[in-house]
Amino acid sequence: MPDSCGSDSPRSKRFLRLMAAPTALAAVGLVLTGCGSKASDTKDSASSAASCVDTSKDTIKIGMLNSLSGTMAISEVTVRDSIALAVEQINAAGGVLGKKIQTVAEDGASTPATFAEKAEKLISSDCVAAVFGGWTSSSRKAMLPVFEDKNSLLYYPVQYEGLEDSKNIFYTGATTNQQIIPALDYLKEKGVKSLYLVGSDYVFPQTANREIKAYAAANGIAIKGEDYTPLGSTDFSTIVNKVRSADADAVFNTLNGDSNVAFFREYTNAGLKAADMPVVSVSIAEEEVGGIGAQNIAGQLTAWNYYETVDSPQNKAFVDAYKAKYGANKPTSDPMEAAYTSVYLWKNTVEKANSFAVGDIQAAADGVTFDAPEGLVTIDGSNHHVTKTARIGEIRSDGLIYTVWDSGKPITPDPYLTSYDWAKDLGK
Amino acid sequence: MDVMIGQLFTGLSLGSILLLAALGLSLTFGQMGVINMAHGEFIMAGCYTAYVVQQAFSTAGISLFISLVIGFFVGGLMGVLLEVTLINRMYHRPLDTLLVTFGVGLVLQQLARDIFGAPAVNVVSPQWLSGGVEILGAVVPKTRIFIMVLAIVCVVALALALKATAMGRRIRAVVQNRDLAETSGISSRKTDIGTFFIGSGLAGVAGVALTLIGSTSSTTGQSYLIDAFLVVVIGGLGQIKGAVIAAFALGILNSYIEYSTTASIAKVVVFVLIVIFLQVRPQGLFTVKTRSLA
C-alpha cells in the first residue's frame, strides 16, 4: 500500500541520491555475476552480489518478510498466510523443480528499517532464493537497495503509486494504470462530468490526485474540489459540507485507515447517497468494510483487481482453501490474492528458467503466466510488473464487494504512464 | 448563507466533541494536576465498551444508553486502578507521571489490539439517530445533535456535582488547599480517588458517544488526547467554564478556517493562534484564583 514515501517528494529525491551509490554497485554486481551463472556456483568474491543459495539439497528456501507486529500486522499477517497457503499447495503437488519449498519467516515489525535489516539477513545468512512480502511503500523503498545490492529477488504484492521499477523486484499488485485509471474510465463511461477529490494528506493521495487531475483535464471532467485531511483525522463534517455544496457527480476517495470510518459515517448521516453522488475508493477492501459498517457504505464503489466474489473456478479453489485453513469467517482480499499469485509466478518462472539463480529468473520472467484467482496474469519482463484485470466493485450490505465492471482482459502494466499523452508531465 | 450556518453547527458540534473528551481531563489534570497520558485510552475503553455492549444487546437503540452508563463505570474503574497502583505514588513527580501514564496508554492500546484485533470494529448507530435534521437550510446529522446534548448534560451534571454534593465540596476543598482540607478532617486519599473516578468515567462516556461519529480502534483515544489537553490548558487549569468556552471557541474557529482553507492548514492556523494566545495569557482564560469552580 502506498504511503508517505513517494518518488516525487523532495525527501525521496534526496533518498534517490543517497541510493545512487549502492544502485551503481548493484549494477556492477549484476555485470560481474553475469546472467547465465548458476546461483550455487557463483563464488565471485569481488561482487557483493554473490549468492549463497544452496541448490544441492532436495529443499529450497524462500523468505516471508511481513509485519507480524506493530500497526501493519493485521494486514500483513493475512498476506503471510496467503503465501504459506501457496507454498503448502505447491509442496503437496511436488514442489519446484523437484525440491520442496522451505519457508523462513521474518517480522518486519511495521518499521521500514527493520524490513531492510531482515531482508539482508534472509538473503545473506538464510540464503533464501527469493523473498515475498512488504506492504507499505516505505518498506518497499527501504528494501529496494538491499535487494539490488545483494542481487536477490523480492516479490511485492500490494497495489502502489507506480513510477518505480527495479530488476530485483517483481510487483504483483496493481500499478496506477491497472487501478485508478480504469476507475476513471468507468466513471467517465457512466457520464460523470465532475469529481470531488478527498484524500489523506501524504504522498500517495497527492500523487494519485495529480494523475486524476491530469486525466480529468484531458477528458473534460471538472474537479469541483480537492481536500486532504491529516492521517488519522476523525472529523469530516466540514469536508462533507464542502462536498455537499460542491455538488459533484462523484467523489474519488484516497483516504487511508480509520479516517474512512468517520468519513463514510458523516457522509451517510448528512444524507448523501451512493445513488446521487457515489464515492469511489481505492484503499477499502473486504476487511475494511467490516470496520466501517456495511450499512454505512453499501452501494459505494471500489477499484481493485480482485474481490472475494470473483466468479471463477480458480478463485473458488483459492477461497475454499483459504477458509479451510484459516477459518470460514476470514475474507480474502486483493493484496492476499496478489501474494498468493506471486508465489506461483516465482514457481513458474523458476521452472521456465530451470534454475533458481536470480539472473536466470530475470531473463526468463517475461511472458511467464499464472491462472490466478483474479484471472490470467502475465509477467511483463520490461518492468517486472504483471498484467492485471481491473475491476470496479460495489459494496453490498453483506459486507462483500461485487464486480460491476471489469476490463475484460488483463491490462498491460505501465508504471510510468508513458502510453498516456496527458500523463507526460507527471514525472516532472 | 446556509453554508455559513452549516459551518456554525459544525463548529458547535466539534466544540462539543472536544468538550466531552476534555471534561474528564479538566478534573484529573485541571483540578488535580495529574498529567494523565492514558486519558485517551480511557476514551478508547468507552468505545470498546459500546462495542461489547452492542454485541450483548442486539438492539442498537437500547445498547447506546446502557453503554453510556457502563462506559462511565469502566472508564472510572480503570482510572481508579491507575490512581491506586501508580499515580498515587508520584503526586510530587509530575514528569514521572507523564512517562508512566504514557507507557500505560501504550500497554492499553496493545491490549485492545490483542483482544479486539487491529482493524476498527463497527459500532452500529441506533436507527433513530441516523440521517440529519435540516436547520435553517443546513443539514446537521442527528448523531452530532445527540453529542451536543450529551456534552451539555455532562457539563451541567459535573457542575452541579461539584457545587452541591458533599463529594464535590471535598474535591474543591482539596484542590484549593490540600493541607487545610486534611486538617479539617477530609481524607484527601479518598477524595483523590473519587476525583479520578469521575474524571476517568467522563472519558468513558465520551468514548461511547464518539463511536457514533468515528471509528473504534486501538488508536481512537490517542487522536483526541492532544486536543483535550489544549482545551484544558486554554481554558485555564481548574476551570470547567474555561474548558467549555475554550472547546467551543476552538471548534468554531477550526470549522470556519477549515472551510475556507484545508483541514491541514486549519490545524496549523489553530495551533499558531493557540501559541500566540498562550504567550499573551499563559494561565489560560480563567485563573484558579477565584473561589468558584463552575
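**Figure 1. Contact between chain B and chain A in the predicted model.** On the chain B side, 32 residues are in contact with 33 residues of chain A. Helix 1, strand 2 (138–141), helix 10 and helix 11 (263–280) of chain B each supply at least two residues of this side. Helix 1 of chain B gives the largest share, six residues. By class, the side of chain B that touches chain A has 18 polar, 12 nonpolar and two charged residues.

**Figure 2. Packing of helix 1 on helix 10 in chain B.** Helix 1 (residues 2–31) of chain B and helix 10 (residues 240–260) of chain B pack with their axes 7 Å apart, at an angle of about 140 degrees. The crossing of these two helices of chain B is right-handed. Residues of helix 1 in the contact include Gly11(B), Leu12(B), Gly15(B), Leu18(B), Leu19(B) and Ala22(B). Among those that they meet in helix 10 are Ala243(B), Ala247(B), Phe248(B), Gly251(B), Ser255(B) and Tyr259(B). The contact of helix 1 with helix 10 of chain B has 16 nonpolar and eight polar residues, and no charged ones.

**Figure 3. Confidence along chain A.** The mean pLDDT of chain A is 86, and 87% of its residues reach 70 or more. Within chain A, strand 4 (residues 154–156) has the highest confidence, at 97, and helix 1 (residues 10–33) the lowest, at a mean of 44.

**Figure 4. Residues 4–48 of chain A.** Over this stretch of chain A, pLDDT stays under 50. For residues 4–48 of chain A the model has 71 contacts beyond four places in sequence. Where pLDDT is low, predicted coordinates should not be read in detail.

Definitions and conventions. Residues are numbered from 1 along each chain as its sequence is written. Chains are lettered from A and ligands numbered from 1 in the order in which they are written. This is a predicted model: local features need pLDDT of at least 70, side-chain atom pairs count only at pLDDT 80 or more; totals for chains, interfaces and linings use all residues. Axes are lines fitted to C-alpha atoms, for helices over the stretch in contact, and angles run from 0 to 180 degrees between N-to-C directions. Helices (H or I, at least four residues) and strands (E, at least two) are DSSP runs, numbered from the N terminus. A crossing is left-handed if the near helix is turned anticlockwise from the far one by less than a right angle, and right-handed if clockwise. Two residues are in contact if their C-beta atoms, placed from the backbone, lie within 7 Å. Ala, Val, Leu, Ile, Met, Phe, Trp, Tyr, Cys and Pro count as nonpolar, Asp, Glu, Lys and Arg as charged, and the others, Gly among them, as polar. pLDDT is the predictor's confidence in each residue, from 0 to 100.
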